[in-house]
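The following exercises are to be worked through with the sequence and the structure at hand. Each task is followed by a solution in steps.

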Amino acid sequence: MACTEAYKQYRVTICSQTVILTNEELASALFTLPEKKREIIYL
């Protein structure tokens with residue numbers, strides 16, 4: 001039997017790319033960073 005769980009999605013745009021995260025804590029942490037630091041982590 002397949003288990004399908006619905007995950008809440010958090011969209012973050014970094015370097016003109018939309019990244020979809022399912023971890024609320026990670027999304028929150030990224031949103032608190034300045035744009036340049038988000039880009040460095042993404043790359």
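**Exercise 1.** Determine how many helices and strands the chain has, and in which order the elements run.

*Solution.* The chain of this predicted model has two helices and two strands. Read from the N terminus, the order of the elements is β-β-α-α. For the chain as a whole, 19% of the 43 residues count as buried. The accessible surface is about 3900 Å², and carbon and sulfur atoms account for 53% of that surface. Finally, consider contacts between residues at least 6 apart in sequence: 21% of them join residues at least 24 apart.

**Exercise 2.** Identify the residues of the largest nonpolar core and the elements that give two or more residues to this core.

*Solution.* Begin with the members: Tyr10, Val12, Ile14, Val19, Leu21, Ala27 and Leu30 make up this core of seven residues. Next, assign them to elements: β1 (10–14), β2 (17–21) and α1 (24–32) each give two or more residues. The largest share, three residues, comes from β1. Ala27 shows how members meet: beyond residues up to four places away in sequence, Ala27 touches Tyr10 and Leu21.

**Exercise 3.** Describe the surroundings of Arg38: which side chain of opposite charge is nearest, and which backbone oxygen does the side chain of Arg38 reach?

*Solution.* Arg38 belongs to helix α2, residues 35–42. Arg38 is buried, and the nearest side chain of opposite charge is that of Glu35, at 5.1 Å. A salt bridge requires a distance within 4 Å; Arg38 has none. The side chain of Arg38 does reach the backbone oxygen of Leu33, at 3.0 Å. To complete the picture, list the contacts of Arg38, leaving out residues up to four places away in sequence: they are Ile14, Leu30, Phe31 and Leu33. Of these, Ile14 and Leu30 are also members of the nonpolar core of Exercise 2.

Key:
Residues numbered from 1 in each chain as written. Predicted model: local features only at pLDDT ≥ 70, side-chain atom pairs only at ≥ 80, totals over all residues. Heavy atoms only, no water. Core = buried A, V, L, I, M, F, W, Y, C linked by side-chain atoms within 4.5 Å. Buried < 20%, exposed > 50% of the residue type's maximum accessible area, 1.4 Å probe, protein only. Helix = DSSP H or I, 4+ residues; strand = E, 2+ residues; numbered from the N terminus. Contact = heavy atoms within 4.5 Å. Lys, Arg positive; Asp, Glu negative; His and termini not counted. Polar contact = N/O pair within 3.5 Å; in protein donor to acceptor, adjacent residues only side chain to side chain. Areas by Shrake-Rupley, 256 points an atom, 1.4 Å probe, with all protein chains shown as cover.
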